[in-house]
Amino acid sequence: MAPILYYNVVSPPVRAVLLTERALGIKLEKKEISIKNGDHLTTEYLKFPMFFLGVKEISQKKADALIKGLVFLESFLENREWMAGDQLTIADLCIGASVSSMEALESLIPVSLDKYPRLQGWMNRMKTLPYYEEANGTGLQKLKASVKQSVAE
């Protein structure tokens, strides 16, 4: 029996798992959760952590923490192409799902990878993975739409 993934593709940790699944060539049983439809309120799901949107602004403290994190990640790439060495690892997949989510937050935090050339190059390498778009890009687009809608409300 395959492990079960309860998921919503807008979640960066979920997209990291999907990237890892594809990279390792394993199969997961997937059960998509629709927060809009109340799936997260079912008895089966209540034992798991929940993911909510609805944020309309991000504090300066959190924005500063994000920038500090980007500087830290940039330093990892000083003498290598991947986060943990000379080849792609699960660390890259997990970090890639989170870093890519910054695109969805552009209206909330004016931060761009342009200021972090090694990190931007690494993200461009991530996007060339044959499974990147299916495992991460689709959920990222849904996250962008959700954040845009949330900010507009």
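Modeller: Two strands are said to pair if DSSP finds at least two bridges between them. Helices (H or I, at least four residues) and strands (E, at least two) are DSSP runs, numbered from the N terminus. The model is a predicted one, in which local features need pLDDT of at least 70 and side-chain atom pairs count only at pLDDT 80 or more, while totals for chains, interfaces and linings use all residues. Residues are numbered from 1 along each chain as its sequence is written, and side-chain values use heavy atoms, with hydrogens and water left out.

Biologist: What makes β1 and β2 a pair of strands?

Modeller: Four bridges join β1 (residues 4–7) to β2 (residues 29–32), and the definition asks for at least two. The two strands run parallel. Tyr7 stands opposite Glu32 in β2, and Leu5 stands opposite Lys30. Together with helix α1 (residues 12–24), β1 and β2 make a right-handed β-α-β unit. Right-handed means that, with the strands pointing away from the viewer, the path from the first strand over the helix to the second runs clockwise.

Biologist: How do you know that the buried residues of α2 line one face of the helix?

Modeller: Ala63, Leu70, Leu73 and Glu74 are buried in α2. Seen down the helix axis, the buried residues fall within an arc of 105 degrees, so they line one face of α2. The arc is that of the directions from the helix axis to the C-beta atoms. On the other side of α2, Lys61, Lys68 and Phe72 are exposed.

Biologist: Why is the pair of Phe72 and Phe76 called edge-to-face?

Modeller: The structure holds one aromatic pair. The ring centres of Phe72 and Phe76 lie 4.9 Å apart and the planes stand at 80 degrees, so the pair is edge-to-face. Rings of Phe, Tyr and Trp (its six-membered ring) pair if their centres lie within 6.5 Å; planes under 30 degrees apart count as stacked, over 60 as edge-to-face and the rest as tilted. Both residues lie in α2 (residues 60–76), four residues apart, about one turn of the helix.

Methods: Buried means under 20% relative accessible area, exposed over 50%, partly exposed in between (1.4 Å probe, protein chains only).
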